[in-house]
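Here is a friendly tour of the aromatic rings in this protein. Take a look at the structure first, and then we will go through the ring pairs together.

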Amino acid sequence: MFPIRDHNPSGRTPWITRVLIALNFIVFLLTWVMPEVLLGTGEAVAGEKLSSDELTGFLFYIGGMVPAFVSEGEMLHSFLTSQFLHAGWMHLLGNMLFLWIFGDNLEDAFGPLKYLCFYLICGAAAAFAEYLAHPLSEIPMVGASGSIAGVLGGYLLLYPRAKVDVLLIFIIFFRVFTIPAWIVLMAWFGLQVLGVTTPDDPEGGDMVAYWAHAGGFIAGLALAMPFFLRQGGPRFWSRFDGHPPHPEAGYVLSPSRIPKVVRRN
């Protein structure tokens, strides 16, 4: 089950959200298709020429957040750069879907510059939470999910009753349901807390940065709180009953036109 859209249109064009999505795609393509463009010569270790895959792996070590390096006071820039690296297409597309659905409304509320700062600070806070949880790990942490977790936390605080369409897929059955945002986001956060409390796989099989997700989410809640309080706190909810402060978008789900087939015995 995953969200596909919300019913909460923004009042302005979300340029920062669009730029962030575009930048993530550009960096992903450079990382996986032309890593030598980012590294320059293509020779990274002791003058030995590396393959494209090896260059990509090397980029993760110099751009991703490696807790063991941070513990030595090195690679502190990775708290920022790790937010724009992704480990594969599904990793990238999943993150960008969440950013596209929920990011525009926070950009609308905060304004472009404050929203950009909010996004980057949440990502850095998420990386720091992962560092605190595994300070000696030598596995690079990459991805925008910590920043986007902050966006989800801010969205939960401001628009808990906004409607969100989620797609439920069960084997060959699928259906779209509309449910309140607070259920979707709290369910997501609950999964991250469950991941945090589950013992680490000694073989390294589970590569999800649950601590980063939980840390980013909490950072988003905290950073959105001043705006929420300036809007009146709980009175902000009561004015709009927890819904967006503008008319919600409406979607009509059309029934499938696939004809029924009756099998002859």
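Is F79 buried or exposed? With a relative accessibility of 16%, F79 counts as buried, since buried means under 20% relative accessible area. Please keep in mind that this is a predicted model.

**The ring pairs**

A search of the whole structure finds 14 aromatic pairs. One of them joins F28 and W32, and this pair is tilted because the ring centres lie 6.2 Å apart with 40° between the planes. A tilted pair is also formed by F79 and F128. Here are the two side by side:

| Pair | Centre to centre | Angle between planes | Class |
|---|---|---|---|
| F28 and W32 | 6.2 Å | 40° | tilted |
| F79 and F128 | 6.4 Å | 50° | tilted |

**Where the partners sit**

F28 and W32 both belong to helix α1 (residues 15-32); they are four residues apart, so about one helical turn separates them. F28 is buried at 4% relative accessible area, whereas W32 is partly exposed at 33%.

For the other pair, F79 is in helix α5 (residues 78-81) and F128 is in helix α7 (residues 112-133), so this contact ties together parts that are 49 residues apart in sequence.

**A cluster and a charge**

F28 and W32 also take part in a cluster, where ring pairs link them with F25, F60 and W89. Finally, there is a charge to look at: the charged end of R18 sits over the ring of W15, at 5.4 Å from the ring centre.

Methods:
Residues are numbered from 1 along each chain as its sequence is written. This is a predicted model: local features need pLDDT of at least 70, side-chain atom pairs count only at pLDDT 80 or more; totals for chains, interfaces and linings use all residues. Side-chain values use heavy atoms; hydrogens and water are left out. Rings of Phe, Tyr and Trp (its six-membered ring) pair if their centres lie within 6.5 Å; planes under 30 degrees apart count as stacked, over 60 as edge-to-face and the rest as tilted. Helices (H or I, at least four residues) and strands (E, at least two) are DSSP runs, numbered from the N terminus. Buried means under 20% relative accessible area, exposed over 50%, partly exposed in between (1.4 Å probe, protein chains only). A charge sits over a ring if NZ of Lys or CZ of Arg is within 6 Å of the ring centre and within 35 degrees of the ring normal.
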